[in-house]
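The structure is shown first, and the account follows.

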Amino acid sequence: MESNRPRYCLGLLIMFMVVFSLGIERTANDYILAIVSFTGINIILAVSLNVTNGFAGLFSLGHPAFMAIGGYTTALLTFSMEKKPLFLPDLPQWLIPVHLPFFPALLVGGCFAALVAQIVGISVLRLKGHYLAVATMGFLIIVQVLLNNANSITRGPLGLNGLEEFTNVSWVAGWVVVTIYTCWKIKFSSLGRSMLAVKEDSMAANSLGVDLFYTRNFALTVGAFFAGVAGGLWGHLITAVTPGSFSLIMSFNIIVMVVVGGTGSITGSVTAAIIFTLAIECFRPLEENFGIYGVGEIVISLVLILILIFKPSGMFGTGEPKFVTGKYKQLSPTNGK
Amino acid sequence: MKTYSLLFIIFIASVSVLATGCEKAKREAVTGDSVKIGVIGPMSGSDEEWGQSCLEGIKTALKLQPTLDNGSLIKIIVEDDQNQSILAQKALLKLVEDDDVSSIIIMSSSEVVLALAELAKRLKTPIFAVTSTHPDITENNSYISQLLFDDHFQASVASLYVRDELLAERVGVVIDKTNTHSEYLARQFISKFASTGGTCIEISANNGDEELLASLEFLQVQKINFLYVPLEAEHVVTIAQLLHQTDYHPVMIGSDGLQAMMLLQYQEELYLVNGMLATDPYSSTISPTDYGERMQRLFQKSFSTPGTVLAAQGAEGTSIMLSAINRCPEQSDRSCINQMLRSTRDFVGFLGKISIDENGKAERPIFINTVDNSKLRSVVKVY
């Protein structure tokens, strides 16, 4: 019998997000609000990468590339009509009158990233393991080079700045709930089990009728969609998108969150994203007072090494904790319904 | 059990670290009567030396002037942004909202400063960019001012010098397309050079050493004797090393900060760039002003080195900011500080007078320096 616990947890999560976002927006200063928003965006990134890396076992380093695609698309669609001639004088004619409100722009950004993932997936997903990691890293570099060179649309390395500050805690909280809910539903669906089966033993899964290409491509596409949305939220939070922002370092940071949380565990990704984002901020006073800059990165790297040595499967392994799932402890392709 | 023990240890360690850090910050916030100035820059990461060198200049300026005219102590709060816009934004918010600084000195690159423009406007906090030179930084940004001349001016000076003084008709331009500074300078140089009847041949610095060598050999075949290299020191050293392998020795012309970084990071390779020219805000062969002399002495005493161009920028930026704060009746009034900063007239800096206009743009001399037997020598001063 399926436990009702996840539904209660989802209800609690929604209630918490509503109360939390309304409360904090009224009481906290801009700095705290920005940190909370960045935490939420990191949760979206970590959970969505978990679909690709954790559920389907595709070691992708290209998440920031999808984020960049979504971020730039959203930025171009919401860019102020008055600023367009000043900032983007060589913009193609057909793009000049295009303008959308924030929400549809975010959806278009996400969908465009997903579409690119579909296309990239056709060639890249024939690879496995390290080869796939290298190919996705190559994709990230291609996207960066394109952004740097497409001056008429992206302003090259200078990036698009002066974006409207649409993103706030409520927007981020809403998308966090949507991301967690969607990824949770996928994980505990037959498709999620197929993904896990592909990850564990692709040959066995194929012999049981699992369409390897479809399953992998779906995982990459879902991950890319949410990465694109996160890119849009990110750009409208810091009011600028630059090619240099979507780097391998960002890819490394998201992967650390997924690995530390547990590849395949949504709860783990959420927990790790919260811990890492807040930890880096709390290291700031330490850096200021003692003049040891970059200590946050050192500690994060140390934690990663320790986790890989003592608990290679991460904080929560591939499963979800009992307090969330009720009866399920660990998900495998053969258990559950 | 093992898992829970590990989780528990990580949790305790995290809480302890967070508690230590946050507690320290709280204690700092409640201390005495002081005016706080925020400093944002790359204090770690690949541009660490850049930020650290600039910070040494800031500290030297504060040694020279540790209090304001009314006796208030000046306190700086330094935040590391690793030259990344996301970290710079968080640092700016923290400094303004949590630390309640009166103004900000930023030592980051142009794209990072540009990404802060909207936020600076909303927070109504004056930001003084002491190293970034992109002209858009002060364009429609009422709260960001520049210490240096902008890239438009710098590239035009380089172009006219090469055309009129060195009598060059054709120049090779090496562009790093991933770098805003390089891209803008190169475009402006090409445009100005073309307007005076010259021709430029562009080559990319981003395609690897073999391709770059092939491009340089192509320039040699084309009999190009001048190379404009608005690049970071790392790229210029690579080009110099590649040229060293050939019998092609064109005159290279770089941009601001290049020679400073060469002195900081590539002392041993300086012989490779002997004769290289560069536009710069300072020169070591021009006699410094009184202010410059005092600052140099103090710097030498504090850090046992003569100091770099970046340190000079940090020092000048801080002194100009303090002068603006001193001219305000209420020394935490950010709008007044911004207004005073933008009405700086004839501030005597290291080598000459500096003014900042109402749009935040600096008017100051520009020098063309050369590397002469591993030392810098001034060639010309342009007002």
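In this predicted model, the lining of the largest cavity draws on both chains: A:Ile280, A:Phe283, A:Arg284, A:Glu287, A:Gly294, A:Gly296 and A:Glu297 come from chain A, and B:Asp80, B:Gln82 and B:Leu87 come from chain B. Two helices of chain A, α13 (266-290) and α14 (295-310), are the elements that give two or more residues to this lining. The greatest share belongs to α13(A), with 4 residues. Sorted by class, the lining holds 3 nonpolar, 3 polar and 4 charged residues.

A search of the whole structure returns 4 cavities of 30 Å³ or more. The second largest cavity is lined by residues of chain B, namely B:Pro281, B:Glu316, B:Phe350, B:Leu351, B:Gly352, B:Lys353, B:Ile354, B:Arg364, B:Pro365 and B:Phe367.

| Space | Volume | Lining by class |
|---|---|---|
| Largest cavity | about 110 Å³ | 3 nonpolar, 3 polar, 4 charged residues |
| Second largest cavity | about 40 Å³ | 6 nonpolar, 1 polar, 3 charged residues |
| Largest pocket | about 1,500 Å³ | 10 nonpolar, 27 polar, 6 charged residues |

The largest pocket has a lining of 43 residues, and those nearest its centre are B:Ser46, B:Asp47, B:Glu111, B:Asn179 and B:Glu232. Both chains take part in this lining through helices: α6 (129-149) of chain A, and α4 (110-115), α7 (180-195), α9 and α10 of chain B, each supply at least two residues.

Helix α9(B) spans residues 233-244 and helix α10(B) spans residues 258-265; their axes lie 9 Å apart and meet at an angle of about 80 degrees. An angle of 65 to 115 degrees counts as roughly perpendicular, and α9(B) and α10(B) are therefore roughly perpendicular to each other. On the α9(B) side the contact is made by B:Ala233, B:Val236 and B:Val237, which meet B:Leu258, B:Met261 and B:Met262 of α10(B). The contact consists of 6 nonpolar residues, with no polar and no charged ones.

The size of an interface is often expressed as the accessible area lost when the parts come together. Chain A and chain B bury about 3,900 Å² between them, and 61% of this area is on carbon and sulfur atoms. Chain A contributes 44 residues to the contact and chain B contributes 46 residues. Within chain A, the residues that lose the most area to chain B are A:Tyr31, A:Arg284 and A:Tyr293, together 17% of what that side buries. One of these, A:Arg284, is also among the residues that line the largest cavity.

Notes: Residues numbered from 1 in each chain as written. Chains lettered and ligands numbered in written order. Predicted model: local features only at pLDDT ≥ 70, side-chain atom pairs only at ≥ 80, totals over all residues. Heavy atoms only, no water. 1 Å grid on protein atoms, 1.4 Å probe; cavity = no way out; pocket = protein on both sides within 12 Å on 5 of 7 lines; lining within 4 Å. Points joined across faces, edges and corners; volume = space filled by probe spheres on them. Nonpolar A, V, L, I, M, F, W, Y, C, P; charged D, E, K, R; others polar. Axes fitted to C-alpha atoms, helices over the stretch in contact; angles between N-to-C directions. Parallel < 35°, antiparallel > 145°, perpendicular 65-115°, else oblique. Contact = heavy atoms within 4.5 Å. Buried area = accessible area lost by both parts, 1.4 Å probe.
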